[in-house]
Amino acid sequence: MPPAIVGHDGPLTDRQFLLGDTPTTFGRRQDSTVVLTSERASRRHAEIRHESGRHVLHDLGSRNGTLVNGRRVTSHVLQQGDLITIGDEQFRFLPSDDAATIHSASPLPQTPEPVLRVAVSGGGPVGLSFALLLEHLMGSRVVVTVYDGRWAQEGARVVWKGQDQGNVRRQQVVTVQSRQYLNLPGPVQARLFEPGAYSEMWPPGPDSIKGHAPRNLRISYIEDTLLEMAGEKPDRIRLVPARFDPDSAKQDHVLAICEGGRSRTRERFTGKFGTADSSIYSLDGKHLQDVVLGLRVKSDLPDAMSVLLTVAQNRYLLNALGGEGFLNMRLTDEEAEEVVGIDPVRRVFEECVAASPCMMGRTGDGDFHCSTHGTLFLPALIKGSALWRRVREGLAMFGVAEHNLSAVTAFRLDMVQRPRFTARLYAPTSSAPGTYGFLLGDAANAIHFWPGRGLNSGLASAISLARSLNQAWRGRAFRDADFIRHEAAMAMLQYRHKSRAWQAMVTTDADGVTHAIKDNIARGCASTPAAPSSDAQVTADLDTLMDRLASIRGRLSQRVSGLPDDAALRAHLARLSAETLRVLVISDAWDTVVMGGEEVDIDIFYREEPASAPAGEPVWAPRLASEREQHTRLISRSAARSPQPTAPAPR
């Protein structure tokens, strides 16, 4: 057997590259003999040449150098067992006289089990959860490399960049359903749900398993914890603080695209995944989009009161952890046009909140300042701003003192229908294993979050794919049939979560006509009568809200303790303006009847067959054999009773 280079550490662990008379090249270029993924590797990094009967390693002027046995070299005659290090990847040299006995002379197993190589584009909660799930299920059979440009190298650790490095960390509070968090590995659950790290603001519902309530956590806390845990497994999970290069996917068996709703990698492979359809989520031929103003607040209301007030209308939504979180305000189209920043020096407007979105923090002077663009939030500066007056009404409704409003941001939310979530990106060749791509998280199903379900759909997609890969990997190229269950699970998630989310964007009137909820809010703002004729309308609106709250309280009373009584509710609502009361009435309550019902249970695709049948015989085999026997007897009796055709008489 000829001499060989064998992967020792990194994505190419256990891979053999035979050395011949032509140079063996190392680099990030796709035409290299050994294609490297390390960000510290150059496109043309090094090569091994056969010179005068010896194999000589040459560095090709790489930026970060080539090490042999820990020492930087420009050229080196390779000896048995030499360890070559390029970036984060290592290779062992085995000469020809040892290649035949490679398995006995090296620590590699006699017949090394093929290692599944997985690249993950996007290291948010979904991408990191997927990496940890896969490592937990497959152990040494998998090597996962996760890429994210929002990370930075800090000594030996990879950490999230801060705001001073251009990364505005998400401080929103998210609600994780027990159907998802109970399917995470035990160690992940233990780290995420340490005492004081979460709350159970919302009651158990259809997506709750065995009465385990949903849990609220901060996104930044989830991201920090999962990144830290992934960094503790360097032998199986590599963290690369850089954007993923789609052209490098050919050397991996799997590419999981988890970059978010505006994924560049997904767009790079549009020809494989197909074009999304926005017509399903449109009204009157126009793609429906909501703009939501996010207000970082500290509320003094008890959770029970906040839940009741949130569910009773569709204008404001508070999701918090210990009272601290975000009060989200659904905007009308007219209000959304006000969501801009102004540069007081250049005297120009920037859509730094609505378009980017940026986080505008409160300064000591009480202004909301965008550190990225140097702008101030315009509505808060204008004394007569209708939008800012309505923001203050939302703060009053949820018990937030104005000094406890610490930041402002905004989100544009819409949905599209995706034709598929699994695609073969590259066919296997003699030098590449064949690559399957998968859309996960928001890259697959960006969900309108009123109420929030995007992270839950993303975690469910990660759980499904990790299980499918664990079951399907046999060291050979994948086939479409290997992912039937996963694709079915993704289609179910898309249908269930987006159909529910659509009902949170629209409402149907008594005549069966569908309207956008934001348009109803706009009509409510415009229809508020002037005093004194408004007194009767205020009383009527208060009565309507009280009846609605009483009905909701009755449904929640068995699941939520400490709900306020009528007197407390009426006194609280009486502080709000006539316009706000009118808008709350017109926006209507969450339609839990339409949005409720059966949830997606991906476990149905991955349950083991019952073990009641004899070994080797499927459980349905006896029943099928009996049916066939009965069918055969019936056909035989029918044939026996049928008259036989008479032969024609000879002419």
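At 36% relative accessibility, E324 counts as partly exposed, and in this predicted model its side chain forms a salt bridge with K298, the closest N and O atoms being 3.9 Å apart.

A second salt bridge, between D290 and R330, has an N to O distance of 2.8 Å. D290 lies in strand β22 (residues 290-298) and R330 in strand β24 (residues 324-330), so this pair ties together parts of the chain that are 40 residues apart in sequence. Both D290 and R330 are buried, whereas E324 is partly exposed.

Elsewhere in the chain, the side chains of R29 and D31 meet in a salt bridge with an N to O distance of 2.6 Å. R29 is partly exposed, at 30% relative accessibility, while D31 is exposed, with a relative accessible area of 54%.

| Salt bridge | N to O distance |
|---|---|
| R29 and D31 | 2.6 Å |
| D290 and R330 | 2.8 Å |
| E324 and K298 | 3.9 Å |

The structure holds 31 salt bridges, and R315, E335, R389, R390 and E579 are linked in a network of such bridges.

Turning to the sheets, five strands form an open sheet of mixed pairing, in the order β4-β3-β5-β6-β9. Its edge strands are β4 (34-35) and β9 (75-77), each of which pairs on one side only. Strand β3 (residues 24-27) runs parallel to β4 and is joined to it by two bridges, and G27 stands opposite V35 in β4.

A410 and G294 are 116 residues apart in sequence, yet their C-alpha atoms are 5.2 Å apart. With a relative accessible area of 1%, A410 is buried.

For the protein chain as a whole, there are 20 helices and 34 strands, and of its 651 residues, 51% count as buried. Among contacts with a separation of 6 or more, 69% are accounted for by residues 24 or more positions apart. The chain exposes about 30,200 Å², of which carbon and sulfur atoms supply 50%.

Conventions:
Residues numbered from 1 in each chain as written. Predicted model: local features only at pLDDT ≥ 70, side-chain atom pairs only at ≥ 80, totals over all residues. Heavy atoms only, no water. Buried < 20%, exposed > 50% of the residue type's maximum accessible area, 1.4 Å probe, protein only. Helix = DSSP H or I, 4+ residues; strand = E, 2+ residues; numbered from the N terminus. Contact = heavy atoms within 4.5 Å. Areas by Shrake-Rupley, 256 points an atom, 1.4 Å probe, with all protein chains shown as cover. Pairing = 2+ DSSP bridges. Salt bridge = Lys/Arg side-chain N within 4 Å of Asp/Glu carboxyl O.
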